[in-house]
Amino acid sequence: MTMTKREARGRRHRRVRKKVRGTSERPRLAVFRSSRHIYAQMIDDVHGRTLAAASTAESGLKGSATATVDAAKAVGKLIGERAKAAGIATAVFDRGGFRYHGRVASVADGAREAGLKV
């Protein structure tokens with residue numbers, strides 16, 4: 001039996017999530033990539049809370065192309081700035097079952113440029 005792309009990504013994501021766990025001091029920077037947008041969240045898994053979020057679906061980033069490496073870097077910078085404002089200095093990166101490549105890697109690079117240790 002063959003898996004669909006979605007099932008395969010879900011399986012990879014579960015495998016990543018076994019090891020990656022966010023706390024309030026060091027939350028999980030979770031990335032989701034769709035064909036049209038990219039989303040990033042800082043998540044405290046201990047309390048089950050989202051501490052900060054950013055995406056290309058927001059009105060500030062929606063003006064230009066949203067499914068590009070540059071847009072992903074802008075989302076990374078934005079999530080890094082919002083995390084800094086919330087008092088977060090470091091995070092663990094959760095690639096969400098996607099390859100650490102292209103838009104997913106750009107989010108991490110943008111967050112690092114904003115001063116977040118990822």
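## Starting with strands

Two strands count as paired if DSSP finds at least two bridges between them. Keep that in mind as you look at this predicted model. Take glutamine 41: its bridge partner is alanine 53, which sits in β3.

## The whole sheet

Now zoom out. The four strands make an open sheet in the order β3-β2-β1-β4, and the pairing is mixed. Which strands stand at the edges? They are β3 and β4 (92-94), and each has a single partner strand, so one side of each has no neighbour in the sheet. Going from one strand to the next, the twist averages 20 degrees.

Two helices pack on this sheet. Helix α2 touches β1, β2 and β3, and its direction makes about 145 degrees with that of β3. Helix α3 touches β1, β2 and β4, and its direction makes about 145 degrees with that of β1.

## The nonpolar core

How many residues does the largest nonpolar core have? It has 21, and Leu29, Met42, Ile79 and Leu116 are the ones with the most contacts inside it. Two or more residues come from each of β1 (28-33), β2 (38-44), β3 (49-55), α2 (69-85) and α3 (103-113). The biggest giver is α2, with five residues. As background, nonpolar side chains tend to be buried together in soluble globular proteins.

Have a look at leucine 116. Setting aside neighbours within four places in sequence, leucine 116 is in contact with several residues, including Met42, Gly80, Ala83, Ile88 and Ala111.

## A buried arginine

Is arginine 28 buried or exposed? This residue of strand β1 has a relative accessible area of 7%. Buried means under 20%, so arginine 28 counts as buried.

What does arginine 28 meet in there? Its side chain joins that of aspartate 94 through a polar contact of 2.7 Å. Leaving out neighbours within four places in sequence, the residues in contact with arginine 28 include Arg17, Val20, Gln41, Met42 and Val92.

## How confident is the prediction?

The protein averages a pLDDT of 92, and 100% of the residues score at least 70. Among its elements, helix α1 (residues 5-17) has the lowest mean pLDDT, at 92, while α3 has the highest, at 96.

Note on methods: Residues numbered from 1 in each chain as written. Predicted model: local features only at pLDDT ≥ 70, side-chain atom pairs only at ≥ 80, totals over all residues. Heavy atoms only, no water. Core = buried A, V, L, I, M, F, W, Y, C linked by side-chain atoms within 4.5 Å. Buried < 20%, exposed > 50% of the residue type's maximum accessible area, 1.4 Å probe, protein only. Contact = heavy atoms within 4.5 Å. Polar contact = N/O pair within 3.5 Å; in protein donor to acceptor, adjacent residues only side chain to side chain. Axes fitted to C-alpha atoms, helices over the stretch in contact; angles between N-to-C directions. pLDDT = per-residue confidence, 0-100.
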